[in-house]
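The sequence and the model are shown first, and the description follows.

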Amino acid sequence: MDSLDTHGDHHHDGKRVEDFRLITGVGTYAADWNAPGQLYGCFVRSDHAHAEIIAVKTANALAHSGVKQVFTGADAVAAGYIRVAHVLAGPGRNGMKARALDRPVLAHGKVRFVGEAVALVVADSAAAAADAAELVEVEYQALQSITHPEDALAPGALQLDEAVPGNLVYETEAGNEAAVAAAIKGAAHVTRLRIDSTRVTPSPMEPRAALVQYNPASGEYRFNVCTQGVTTLRKMVSSWSGVAEDKLIFEARDVGGGFGQRTPAYPEYLALMIAARSLGKPVKWVSTRVEAFLTDNHGRGNIAEGELAMNSQGKFVAFRLNWIADMGAYLSPGSAGHIRNTTTCLTGVYKIPALYALFRVPLTNTTPMGSYRGAGRPDIAYVVERFVDQAAVDMGIDAAEIRRRNFIPPEAFPYKTPTGSTYENADLPGLLAQALKLADYAGFAARRVQSEAAGKLRGIGISVVIEGSGAGNAPTDEVELELDASGTVTVYTVSKSQGHGHETTMAMIVADALDIPMAQVKVVQCAPGSKLQGNHTGGSRTTVGVGSVCFLAAHKLIEEGKSLAALELKLEPSQIQYAKGEFRSSQSPQIVKLADLAKAKTLKLMADGKFGSTFPNGCHITEVEIDKDTGAPQIVSYSAVDDCGNVINHAIVEGQLHGGVVQGAGQVFGEQIVYDRKTGQPLAASFMDYIMPRAGLVRELRGEEHPTISKVSPLGVKGVGESGCTASIPSLVNAVMDALRPLGVKHLDMPMTSSRLWSAIQAIK
Ligand code: MCN
């Protein structure tokens, strides 16, 4: 565990250098960390969706053998750990400020969702802590709950908190309401839909875990946690706890999936800080899968209702949305994307002159909401592409043709949308044409006839999507390079791979820039105590942001190397050339190797940069078959054409797309977090009742690239990490609707389970 050296003798063959470690079981995940003398924590969690806490009786638990202490909400309040940093900071509609409830890291006074931590039992073994947790008696006064966002905002709804009138936490708007109203009035046709972008949970393979140690001499807390990058997490823990950032040291090696869910601070980490400090011992907690369902931030959970207006030629003239973004019982630190990223791409890939969206965030008794792969990008793409498909049907225009008619034309890029974002570049007609060919769109009618003969309903679905990638909250991304006497270049970053292969791609960027074998480049992410600034991994930004700085750092090394080699050769830097790890000059027979620069001491340098947003886009065309008798759906064709600019590693990009597509397909066909509307109880809290995508769901994926090169960064890249998810959801739902349309079904919400499809078919019969 002590060596960070993860590279064997690899060459630049595009293979992922981290895989040998990961698939042979020698990775180090959060639960693999241990410290001498550590204690174990187990959380007591609310089984009520909404209740007053009358008393928390800890005597029996404290008397259990091995138990060291039981911490409750009173301890959290005494520590002052009550104010979580959320990111709905900007003024909303009419200057409204978000009405964020305080969130003690252990519930105090009230519980507001099932699973909320009420007490932390710490014992000398995990088993003793778990046993004793059952002995903590929490006396509740049950209160009526609201778990459906539309129930929360309904007139006359029960008030969940007096600080949140109308259960309205936040309201904001984008676009021009009057222009949209006028355009809708004069439109030849208006398509109306209500679309549910369902609440799901990201479900990384690795459950959360944390080991927290406190050093009374320095006042430092040391954390081993799953993380997508330390800088954001450190800031959030600092603002929630009031402990200065430089007293918070994070260390992580391998992370078994993040999908946005591993970015923010969670109350458990802060409760462990209280325990570690109070007991003077390291305290470790490993989440169960049920805890993950109940307490890891959920994703999506948006309901959009609105109108897309057209002229008689099927040209879009206005788009209006009434958007409800359910963010649960508390605003989590990962709360902003659902509104920001939705606004950024409100117009989709289309030229729609008038746009307006009203966003409302209700207070509900549900698990807080965070960013999930796309964070609003898949939601708005889904909504826009469902509207466009329905508009095509309403107008009797082919689904590809209506898109072609309304695309932002290539010559209009960079394109400033009516909601103020600037799309960098894209070739939408070319993208669509390539995808139509790849999918054999023209041959669909014949395939439908064949399916019909076999008792199957067949449908085809198109999505053309665009999304922002590359931006970040940190003022800059910093990367450090270290060159040692062996000629090895070590790259330090504060972003963090959770399975993306950054150890490979960042090393490829540096090795390519330096023109040296990849085996000579080593990537270290989130080194403990690192003072580097920068963004965490998220928003498909790491290649654009951090990758570009890796590139700049390598070139800085070449420039510094030229100066040092010039000294050595007693020449001017301008007389030195660099190639393949060697500095030479026509004025001298002597060669200075990279390794020679670090003979006396390790050479260190830092580079930084900020590049802004670039917009990956893609067209996915899918076909599904639905068994008429059972309702069972099957994806029978999947074609994806994507533009992520220059590609660093084709295999990794393909893997990212596959993963994203399957994750989207999971939401379309099975995954959904459901709460009982009366009791507030979650009805899916294990993989028995939450349907994850199985291997057979996406059997084949034909993918092609259609790059337009980004000028935002020196690498010409656009992000790709979220693209598959964003494009697959609308494409697959459009295919299902196309299959059902001949029966007269207009719209169904996800998940498209066999039973839902069967019921829809029966209802028509
Ligand atoms: N890449 C490339 N060429 C490009 C773009 C990307 O070779 N033009 C490579 C990258 O170098 C990187 C990977 O593809 O190895 C993804 O890069 P990028 O699009 O920059 O996205 P990030 O690295 O910032 O990853 C974030 C993104 C997000 S937001 C989620 S959520 C997500 C995702 O990536 N979570 C993932 N992919 C995931 N993949 C895995 N295995 N696990 C997760 O938790």
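## A covered strand and its partners

In this predicted model, strand β5 (residues 117-123) is mostly covered, with seven of its seven residues buried. Strand β1 (residues 39-45) runs antiparallel to β5, and six bridges join the two. Strand β3 (residues 67-72) also pairs with β5 in the antiparallel sense, over five bridges.

## An enclosed helix

Helix α15 covers residues 502-514, and its end C-alpha atoms are 18 Å apart; this agrees with the 18 Å that its 13 residues should span at 1.5 Å a residue. Because twelve of the 13 residues of α15 are buried, the helix is largely enclosed by the rest of the structure. Among the buried residues are His502, Glu503, Met506, Ile509 and Leu514. The elements that cover the buried residues of α15 include the helices α1 (19-23), α16 (543-569) and α18 (650-669), together with the strands β20 (489-493), β21 (521-525) and β22 (577-579). Just after the helix, Asp515 takes a positive phi of about 60°.

## A buried asparagine in a loop

Asn167 is placed in the loop between α5 (149-153) and β7 (168-175). Is Asn167 buried or exposed? Its relative accessibility is 0%, and Asn167 therefore counts as buried. A polar atom of the Asn167 side chain lies 2.9 Å from the backbone nitrogen of Leu160. Leaving aside residues up to four places away in sequence, Asn167 touches a set of residues that includes Ile146, Ala152, Leu153, Leu160 and Asp161, as well as Val361, Pro362 and Leu363.

## A glutamine and its contacts

Gln434 belongs to helix α13 (residues 428-438). Which residues does Gln434 touch, not counting those up to four places away in sequence? They are Val641, Glu704, Glu705 and His706. With His706, the side chain of Gln434 forms a side-chain to side-chain polar contact of 2.5 Å. Ile195 lies 239 residues from Gln434 along the chain, and the C-alpha atoms of these two residues are separated by 29 Å.

How values were computed: Residues numbered from 1 in each chain as written. Predicted model: local features only at pLDDT ≥ 70, side-chain atom pairs only at ≥ 80, totals over all residues. Heavy atoms only, no water. Helix = DSSP H or I, 4+ residues; strand = E, 2+ residues; numbered from the N terminus. Buried < 20%, exposed > 50% of the residue type's maximum accessible area, 1.4 Å probe, protein only. Polar contact = N/O pair within 3.5 Å; in protein donor to acceptor, adjacent residues only side chain to side chain. Contact = heavy atoms within 4.5 Å. Expected span 1.5 Å × (residues − 1). Pairing = 2+ DSSP bridges.
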